[in-house]
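Hi there,

Here is the structure I promised to pass on. Have a look at it first, and then read on for what I found.

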Amino acid sequence: MSKLSLIARGLVRENPTFVLVLGMCPTLATTTSAMNGLEMGLATMFVLILSNMVISLVSPVVPDKVHIPVYIVIIATFVTVLQLLMQAYVPDVYRTLGLFIPLIVVNCIVLGRAEAFASRNGVLDSALDGIGIGAGFTLSLTVIGLVREILGSGAAFGFKLFPGDGILAFVMAPGAFLVLGYLMAIFRKFIKK
Amino acid sequence: MAAVSNLRNMVLCLFGVCLVCSAILGATYVVTEEPIAQASARALSDALGEVLPQDCTPCTTAEPIVLDGTSYECYTARDAGGNVAAYAVKTVSGGFGGPIELLVGVYPDGRVCGTKVLSHSETPGLGAKCATDEGFINQFKGFEGRFAVRKDGGDIDAITASTITSKAYVKGVEAAVKAVKSLGGQGNE
Amino acid sequence: MEYFLIIVSAIFVNNILLAQFLGICPFLGVSSRLSTATGMSGAVCFVITLATVVTYLLNRYVLMPFGLEFLQTIAFILVIAALVQMVEIVLKKVSPSLYKALGIFLPLITTNCAVLGVAITVVSKEFSFGDAPAHLMGLAESTVYAFATSVGYGLAMILFAGIREHLELNNVPKAFRGLPIALITVSIMAMAFLGFSGIV
């Protein structure tokens, strides 16, 4: 498989949100605006790339029976590193995303890719897979965030598009499920034949 | 893919991974400790500047005020003559989506000087306005009156469609004022 | 603090699935049949309560005295993973019938973010009940909160599984079949649960 298609695959054919349906919690919870979705996606991508790379390096020497605990420790380490870095340099973003940064540890995308891809492939391929899946996740979150922000607060990336408050339900919990449901159906119908 | 599992290499492997990971974490912690402290100090001094009167210097270490079993962090600000100009009190009250953490500037006589939301998890577009809606926030400046929203017979105009948030906000401000008044009563300062 | 308030708020107002978005993956995964949903709810209930007690003590008596709170995430996930394994082993020996009912769901729970989410929530500074920040909550309150939250999880899950069983019999447009229509159904449930927000 060519290097480019490794990345492209994560965007459409194996899009983590609309096709694999993994990592639903941050997808629903943090997409109240396009910017929040984008930030959450990038944070996940950071952990995904690094953990994929390290796991592909260590997996040949890890005994079979303890591979899950080892992966979890590695992922949790990178998540904590990310937490510390965010607290230090982007404290506002850290506060907005709150609980969902530590919860990247249990995001099934990260452990899923470790098991399904990184443990069987080389460092470079694993890094590219991390970039691809991470980009796909970021893209989906940004799109969901954008739709909810436009409908819910009449703005896009913080810029006011039309006056007024928009349909508030879209910013709240029901809107998250509704938008994801419709986008998933649209994705299936038109993009992924 | 993996090596054969036996007790020795499992233990060794887990031990090794944990050792390396702890080392990485420790190093990151040491590197980021300073910036994290700076970031939170900057956030605090910005907030103090907003809620306190212009012509005074806030002290940057908090003293606790204990009232009815709750401890509040209180920052005392003094004017050029060394007299207490105002207090800034940190309060937490339960809003719609979670706690609302407020920093409230209060004059020694119990009038409100200014308020600022330090953190909240209210609904964007609704309760989240409590951090940005100037009409709502400005009515607390110099406020002395009944601490309740108009619906409950008080003097505060609630944010439209966010009564729970508004009530929590008012409650937080009221707690700060009460804490400061308790100071005056005891004659501590 | 009133236990009643904690319970009502955790089950209905801040329902972990419909308002806090925790534990969605297993929710969508196992809710297609009522019997599996019930089994999963039971297992989650058990693990969340137990994990919260253990992580609370760990945070209070190990991490906090040494100023190691930044290790929360990694320490908690390891404790939860180990705990789930232990529960599985103990259950197998002590009560084979219970193991039979809950056993297959236990390994799935390690990666259920509801467990880690509740554990972190209970010790975090950014969360509160009524007027007190959560990190000041006592062990009893934390346990009650954890239990009530998991009951809320079970409630939403079982209700949803009931609806989903009926949904399968209906003629749904092709693109909406499966998850999309399920998500839209959850959305309507979440709207219904929003109605509870006025009561606390």
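Let me start with a helix pair that joins two chains: α4(A) packs against helix α1 (residues 7–51) of chain B, with the axes 8 Å apart and an angle of about 10 degrees between them. Angles under 35 degrees count as roughly parallel, so α4(A) and α1(B) are roughly parallel to each other. The contact of α4(A) with α1(B) is made up of 20 nonpolar and five polar residues, with no charged ones.

Before going further, please keep in mind that this is a predicted model. Its scores are ipTM 0.83 and pTM 0.83. For chain C, the average pLDDT is 82, and 91% of the residues score at least 70.

Now to chain A as a whole. Chain A contains eight helices and two strands, and their order along the sequence is α-α-α-α-α-α-α-β-β-α. The C-alpha trace of chain A spans about 60 × 45 × 25 Å along its principal axes. A compact globule of 193 residues would have a radius of gyration near 16 Å, and the 17 Å of chain A therefore agrees with that.

Chain A also touches chain C: 34 residues of chain A are in contact with 31 residues of chain C. On the chain A side, the elements that give two or more residues are α2 (24–29), α4 (67–89), α6 (108–116) and α8 (173–191). Which of them gives the most to this side? That is α8(A), with 11 residues. By class, the side of chain A that touches chain C has 27 nonpolar, five polar and two charged residues.

Inside chain C there is another helix pair to look at. Helix α8 (residues 139–167) and helix α9 (residues 179–194) of chain C have axes that come within 11 Å and cross at roughly 135 degrees. That angle makes α8(C) and α9(C) oblique to each other, and their crossing is right-handed. From α8(C), the residues C:L159, C:F160, C:I163, C:R164 and C:L167 take part, and they meet C:I181, C:A182, C:T185, C:V186 and C:M189 of α9(C). Sorted by class, this contact of α8(C) with α9(C) has eight nonpolar residues, one polar and one charged.

Best wishes

Key: Residues are numbered from 1 along each chain as its sequence is written. Chains are lettered from A and ligands numbered from 1 in the order in which they are written. This is a predicted model: local features need pLDDT of at least 70, side-chain atom pairs count only at pLDDT 80 or more; totals for chains, interfaces and linings use all residues. Axes are lines fitted to C-alpha atoms, for helices over the stretch in contact, and angles run from 0 to 180 degrees between N-to-C directions. Helices (H or I, at least four residues) and strands (E, at least two) are DSSP runs, numbered from the N terminus. Angles under 35 degrees count as roughly parallel, over 145 as roughly antiparallel, 65 to 115 as roughly perpendicular and the rest as oblique. A crossing is left-handed if the near helix is turned anticlockwise from the far one by less than a right angle, and right-handed if clockwise. Two residues are in contact if their C-beta atoms, placed from the backbone, lie within 7 Å. Ala, Val, Leu, Ile, Met, Phe, Trp, Tyr, Cys and Pro count as nonpolar, Asp, Glu, Lys and Arg as charged, and the others, Gly among them, as polar. pLDDT is the predictor's confidence in each residue, from 0 to 100. The radius of gyration is taken over C-alpha atoms; the globule rule is 2.2 Å times the number of residues to the power 0.38.
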